[in-house]
Amino acid sequence: RLVARFGDAFLAAEESMELASAELRYEDAVKYRDSVEVLRKISEEKPQYAVIPGSRDALGFYREGDKAEISLLALRKGRIYDSKSYGFTELAIEDEELLGSFLSQYYRDGALIPDEILLPFDLEDEGIREELLSEKRGAKARIILPKIGDKARLVELACDNARENFRGRYSE
């Protein structure tokens, strides 16, 4: 499978590793061995994100003290269509309240509401919010807290974006 996927690159690295080892060039052999291992790992990996039909927004959250960042990845037709990040300072509210307020404000007019909204953590009033969003949208809108799979990886990516945007926004 490795040869089929990477062909010449794999064979060349493997041959170079063996030759360097035979010639007692151990530092070179280690570099080639590392290349072979990288190719082996890449060939074993599955695609990180499958194309998931429909529309969904994945929200990421990061907070330190009284500052927080919410990152939103908008996916349409299985592709990241848009990415936005919002910074908040001087916060005196809990994470759940901030995320809930963000949802209310961001989706207030109903035009941007996707099929699914993927969240990084539960909200107390999730069921009520889901009903309100569905009503505004004119079709079912689901709020999901994914634990595993592609949707969970999307939330993880959104959280990574939130953390990096937070650092960029608030670094001294």
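**Close-up views of a predicted chain**

Glu164 has a relative accessible area of 45% and is therefore partly exposed, where buried means under 20% relative accessible area, exposed over 50% and partly exposed in between (1.4 Å probe, protein chains only). This is a predicted model, in which local features need pLDDT of at least 70 and side-chain atom pairs count only at pLDDT 80 or more, while totals for chains, interfaces and linings use all residues. Residues are numbered from 1 along each chain as its sequence is written, and side-chain values use heavy atoms, with hydrogens and water left out.

View A. Glu164 pairs with Arg167 in a salt bridge whose closest N and O atoms are 3.4 Å apart; a salt bridge is a side-chain nitrogen of Lys or Arg within 4 Å of a carboxyl oxygen of Asp or Glu. Arg167 counts as partly exposed because its relative accessibility is 41%. Asp160, with a relative accessible area of 28%, is partly exposed, and Arg163 is partly exposed at 26%. In general, side chains of opposite charge can pair when their charged atoms come close.

**View B. The chain as a whole is made of 6 helices and 5 strands.** Helices (H or I, at least four residues) and strands (E, at least two) are DSSP runs, numbered from the N terminus. Read from the N terminus, the order of elements is α-α-α-β-β-β-α-β-α-β-α. Of the 172 residues in the chain, 36% are buried. The accessible surface amounts to about 10,800 Å², and carbon and sulfur atoms account for 49% of this area; accessible areas come from the Shrake-Rupley method with a 1.4 Å probe, and for residues only the protein chains shown count as cover. Contacts (heavy atoms within 4.5 Å) also connect separated stretches of sequence: among those between residues at least 6 apart, 60% join residues at least 24 apart. The whole structure holds 16 salt bridges.

**View C. A salt bridge joins Arg56 and Glu116.** The two side chains meet at 3.0 Å, N to O. The pair links distant parts of the chain, with Glu116 in strand E4 (residues 116-118) and Arg56 in strand E1, 60 residues apart. Arg56 is found within residues 55-64, which form strand E1. Is Arg56 buried or exposed? Its relative accessibility is 4%, so Arg56 counts as buried. Glu116 is also buried, because its relative accessible area is 8%. Arg56 and Glu116 are linked with Arg142 and Lys151 in a network of salt bridges.

**View D. Arg56 and Leu154 are in contact.** Not counting residues up to four places away in sequence, Arg56 touches Leu73, Ala74, Leu75, Arg76, Pro114, Glu116, Leu118, Lys151 and Leu154. Leu154 lies in helix H6 (residues 149-170) and is buried, since its relative accessible area is 4%. The C-alpha atoms of Leu154 and Leu118 are 8.3 Å apart, although 36 residues separate them along the chain.

**View E. Ile70 is a buried residue of strand E2.** The strand spans residues 67-76. Ile70 counts as buried because its relative accessibility is 0%. Which residues does Ile70 contact, leaving aside its neighbours within four places in sequence? They are Leu59, Gly60, Phe61, Lys84, Ser85, Tyr86, Phe88, Leu98, Leu99 and Phe102. Leu59 is 11 residues from Ile70 along the chain, and their C-alpha atoms are separated by 6.8 Å.

**View F. Negative charges gather in a patch on the surface.** The patch brings together Glu94, Glu96, Glu97, Asp122 and Glu124. Patches are made of residues with over 30% relative accessible area and no salt bridge, with like charges joined within 9 Å and nonpolar side chains (Val, Leu, Ile, Met, Phe, Trp, Tyr) within 5 Å. Lys and Arg count as positive and Asp and Glu as negative, whereas His and the chain ends are not counted; the place of a charge is NZ of Lys, CZ of Arg, CG of Asp or CD of Glu. Glu94 occupies the loop between strand E3 (79-88) and helix H4 (95-106). Its relative accessibility is 57%, so Glu94 counts as exposed.
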